[in-house]
Amino acid sequence: KQCSDPSSNNGLFSGFEKFIDKVHELWIKPISEPPHVQWATLISKARDMGERNANEPIARILARHYQWTLTKAFALYEHVIIVEDNLDYRPTFLPFMLDGKNAIENDDSIFCVGGWNELESSTFVHNASRVYRTDIFPGKAWLTSKTVWESIRHDFPTSEWEQWMRFNTTMKGRDCIVPEMSHLTIGDEASKRFLQITPGLSVVLGEHATGSLPFNRLERHEYQQQIEAMVDKALVIPFGGPSLGDVKVMLHHIVTSSIISYKIPLDDYDCVVVLYELRDYESLAQELRISTKQRRSWNGLTVLYLPSNCQFNTLILADTNQVRLFPKLYNAPFVGLQPIVSGTDQSCDYACAQHSLQCEQDQFVHIDNCDTMMRHFNCTSCWLGVNGPDIPVLVVSEEKPSLFGLCLLAYPSKELPTCEAHNWASKRLCPCANTDKGGKGFGWLDLLPSFS
């Protein structure tokens, strides 16, 4: 684990004193070290692992660096904590991680324990002991075990390692645990700009207890039952359609604690589910003044507990294309949807027509994931968040050496793929269906109420 220099950290290590004897080794990197030295050290270590081409992308250097570091660390220890060096420690960090170590030892369904909550906000942080499951690798500050490392190390990628950690093929159905209150704060000046674009971020730390946290409440089956009970009794409203204005008014009330009236009937509900599609998540996050990075959802749901002055207790954000465990919320793919591989430089309109099917543009979301791409292509790795109307694709041209063999995915990009797009360097995966035979379902907005 990398740590900032304790002598320069304004007492943030003082809360660690009674726990420090449980840590075998601290790898110290002074916070006064200038950036060029940090990168020189990183690149030097990467060179120790083999020759480096002068034009090699930094993503490949980082992947090799992390692989080397984790391999060395797990050769010595059963549990390792990795922390990005622009974070400062709260006194609760190490005791939280030690509790997490015990949890990961006793629960095979836990992939990692994260110390950072990407969605931390002064509106939604009320309980320093509350923890959540997430099926998205959180990054920044995390603990994992040698058992987990042994299950993934042979497939470690040559590039984009952090994206790879988020794939289902890597996590293999396991979850990470993250806190409601982050146990670190943003340290360097560049990262503090994040606070300017996320004004609701909480930077206040009270004197919270550092005893055992309730990891025992996160047994997967029990956790799922708790979420299902909330969803079953919730009012479900869409972030879209004719009620969008009313929903935005409600969200404004939550964030500002203002006394206003709106048309959505909330009197009989303790929980409200806001159903959205991925392309609308950034707008939804901005309304709530939380980070637009979605790294805390579990099976497509993000649970947010509200201040006591709200009309209801819990707000759940639900990605309608990801909530497969919750049928009443899930925008299921068309019956008979078939992923079809196109030829090089072929459109999906053409590829589907070759099978007497038609391309369904709104179904790309159901095939735009690494698991599906890996089943149809021999991808060396997957890259997320690639913009382009032809995504998802496999790059097949060696004239694109930095991308050759990679599967490029749109998720979580907002740009929607089109059926007519094609690219000379790639093959597409296409969502094809025969809608003349009853394959087409209803749009999710058609099934939800309007309050206008």
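Accessible areas here come from the Shrake-Rupley method with a 1.4 Å probe, and for residues only the protein chains shown count as cover.

**Ground rules**

I am working from a predicted model, where local features need pLDDT of at least 70, side-chain atom pairs count only at pLDDT 80 or more, and totals for chains, interfaces and linings use all residues. Residues are numbered from 1 along each chain as its sequence is written, and side-chain values use heavy atoms, with hydrogens and water left out.

**Whole chain**

I started with the surface: the protein chain exposes about 21,200 Å² of accessible area, and 49% of that belongs to carbon and sulfur atoms. Next I looked up burial, where buried means under 20% relative accessible area, exposed means over 50%, and partly exposed is in between (1.4 Å probe, protein chains only). Of the 452 residues in the protein chain, 52% count as buried.

I then checked the secondary structure and found twelve helices and 19 strands in the protein chain. These are DSSP runs numbered from the N terminus, with helices (H or I) of at least four residues and strands (E) of at least two. For contacts (heavy atoms within 4.5 Å), I took those with a separation of 6 or more in the protein chain; residues 24 or more positions apart account for 77% of them.

**Disulfides**

How many disulfides does the structure hold? I get six, a disulfide being a pair of cysteine sulfur atoms within 2.5 Å. With the bonded cysteines of the protein chain numbered in sequence order, the pairing reads 1-2, 3-11, 4-12, 5-10, 6-8, 7-9.

*Cysteine 348 to cysteine 430.* The S to S distance is 2.1 Å. Cysteine 348 sits in helix H11 (residues 348-353) and cysteine 430 in strand S19 (residues 426-433), so this pair ties together parts 82 residues apart in sequence. I read a torsion about the S-S bond of about -80°, so the disulfide of cysteine 348 and cysteine 430 is left-handed. Both cysteine 348 and cysteine 430 are buried.

*Cysteine 352 to cysteine 432.* These sulfur atoms are 1.9 Å apart. Cysteine 352 is in helix H11 and cysteine 432 in strand S19, so the pair ties together parts 80 residues apart in sequence. The S-S torsion of cysteine 352 and cysteine 432 is about -75°, so I noted this disulfide as left-handed. Cysteine 352 is buried at a relative accessible area of 0%, and cysteine 432 counts as buried at 0% too.

*Cysteine 379 to cysteine 407.* I found 1.8 Å between the sulfur atoms here. Cysteine 379 lies in the loop between helix H12 (370-376) and strand S16 (381-383), and cysteine 407 in strand S18 (residues 406-408), so the link joins distant parts of the chain, 28 residues apart. The torsion about the S-S bond of cysteine 379 and cysteine 407 is about -55°, so it is left-handed. Cysteine 379 and cysteine 407 are both buried.

**Helix H8**

I checked the length of helix H8 (residues 220-232): at 1.5 Å a residue, its 13 residues should span 18 Å, and its end C-alpha atoms are 18 Å apart, which agrees. The expected span is 1.5 Å times one less than the number of residues.

Which residues of H8 are buried? I list Tyr223, Ile227, Met230 and Val231. They cover an arc of only 100° around the axis, which puts them on the same side of H8; the arc is that of the directions from the helix axis to the C-beta atoms. An α-helix has 3.6 residues a turn, so residues three or four places apart point the same way.

I also looked up the partners: the buried residues of H8 pack against strand S6 (131-134), strand S11 (271-276), strand S12 (301-305) and strand S13 (314-319).
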